[in-house]
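Student: Could you take me through the ligand site in close-up, and then through what lies around it in the chain? I'd like the cut-offs as you go.

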Amino acid sequence: MSFRFSERVPKNDSDPVGDILKVAGSPDVISFAGGLPAPELFPIEALKKVTNEVFDESGREALQYSSAIGYPALREQIAQRMNKQGIKATADNIMITTGSQQSIDITAKMFVNPGDTVIVEKPTYLCALDVFRSYGAHIVGVEMDEDGMRMDQLEKAVAANPNTKFIYTIPNFQNPTGRTMSAERREQMIGIANKYDIMVMEDDPYGAIRFAGDDIEPVKFYDNEERVIYLSTFSKILAPGLRLGWIVMNKDLMPKYSVMKQSADVHSDNLTQHIVAKFMAEYNIDEHVNKIRKVYRKRENVMMAAIEKYFPAGVNYSHPQGGLFIWVEVPGDVDTIKLFNTCIKHNVAFVPGEPFYPDKVTPGTFRLNYSNMSEEQIQTGIERLGSAIKETIDQ
Ligand code: PMP
């Protein structure tokens, strides 16, 4: 029979990143490919304890259907956390989602008609690109430098695309580059959004994982017209398997978001929401996040030192002050898929840059993750990667 798919569905079944992660997942391979948090840091005992308490104290409520926008006690806890981070919000501005991936999907579904422009950093989070493509967006990539998205280029892109719906930005420790947007540019971004009357989707899963330098206020901090839709998640500060994230939005948007959320999955797992709310009430989540920061700082430092030691001269790389990723640029027209295959022979893996680009790919780029491997594995893996780069350049 013929499956008459909608326009939203990709035309073919190829999944190059899935294939890369599969190869990278073999037990002999030291993988810097995925973006997995360190599982040894998941607070398993604490979550076990609060889960039992939830069952004992409010099992019936937690297992029942609930409201689309989420469990009020959790929204309250998140609002308090947001205020500490420079975002003025109450529970009325906050909707719970099944992770930021769903927040991106619902937001795109809400605003993007086929042909509408979405402006993104170049490169950017590849699963956001998949979402925008699925809604038929015209995706325009804006160049970045060490201070994040370039505002001169952003303004040009917005001016050239009057049908722009929103700017999608990952201002902190961006996936894939690890770069952070400067405070000045955040303020400028709001200036541009105000001037052209467009929205901003600020995706911030990594902001809390800062291990060097000073905190920078979110883009939403500068948002004097309430046009920023701010997304964050428990995936990197607690555990990604919980599948819980949140959106901070203009209150006027809440009824529509609530309807869209209901159509997507009625509401996010109510039991998990109770568990996380209880965890936040009984434990200091900032203390937990501090443990994560310390471990990631160490791993990043080890990776950086190994890169300096083992990578050939001329290779550029970002210097993240937090998050999970380092971005590497090998000079010349190096084909990183070829480099990846050489690396696999050396039992080490990364994600090539290509899938992170909305359009023209910068050759020789790839992403490294340091959160999921031990310091010893990082040392050994980077030494192998250095040899593979030399081999590929010399060919
Ligand atoms: N946005 C970015 C930039 C990410 O890197 C990720 C996860 N890797 C997500 C969103 C999705 O996160 P979640 O687990 O909350 O769905």
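Tutor: Happy to! Let's start at threonine 233, where an N or O atom of the side chain is 2.7 Å from an oxygen atom of the ligand; a polar contact here is a pair of N or O atoms within 3.5 Å, and within protein one must be able to donate a hydrogen and the other to accept it, with residues adjacent in sequence counting only if both atoms are side-chain atoms. This is a predicted model, in which local features need pLDDT of at least 70 and side-chain atom pairs count only at pLDDT 80 or more, while totals for chains, interfaces and linings use all residues. Residues are numbered from 1 along each chain as its sequence is written, and side-chain values use heavy atoms, with hydrogens and water left out.

In total, 14 residues surround the ligand, with Ser100, Asp203, Tyr206, Thr233 and Ser235 the closest (a heavy atom within 4 Å).

Now for the helices. The axes of α4 (residues 100-111) and α8 (residues 254-265) come within 10 Å and cross at roughly 120°. Axes are lines fitted to C-alpha atoms over the stretch in contact, with angles from 0 to 180 degrees between N-to-C directions; helices are DSSP runs of H or I with at least four residues, and strands are E runs of at least two, numbered from the N terminus. Among the residues that meet are Ile106, Met110 and Phe111 from α4 and Tyr257, Met260 and Ala264 from α8 (heavy atoms within 4.5 Å).

Finally, some backbone details in the loops. Most residues other than glycine have a negative phi, and most peptide bonds are trans. The bond from lysine 122 to proline 123 is cis, with omega near 5°, and proline 123 sits in the loop between β3 (117-122) and α5 (126-134). Asparagine 175 to proline 176 is a cis bond too, with omega near 15°; proline 176 belongs to the loop between β6 (164-169) and α7 (183-196). Aspartate 197 has a positive phi of about 55° although it is not a glycine, and is placed in the loop between α7 and β7 (199-203).
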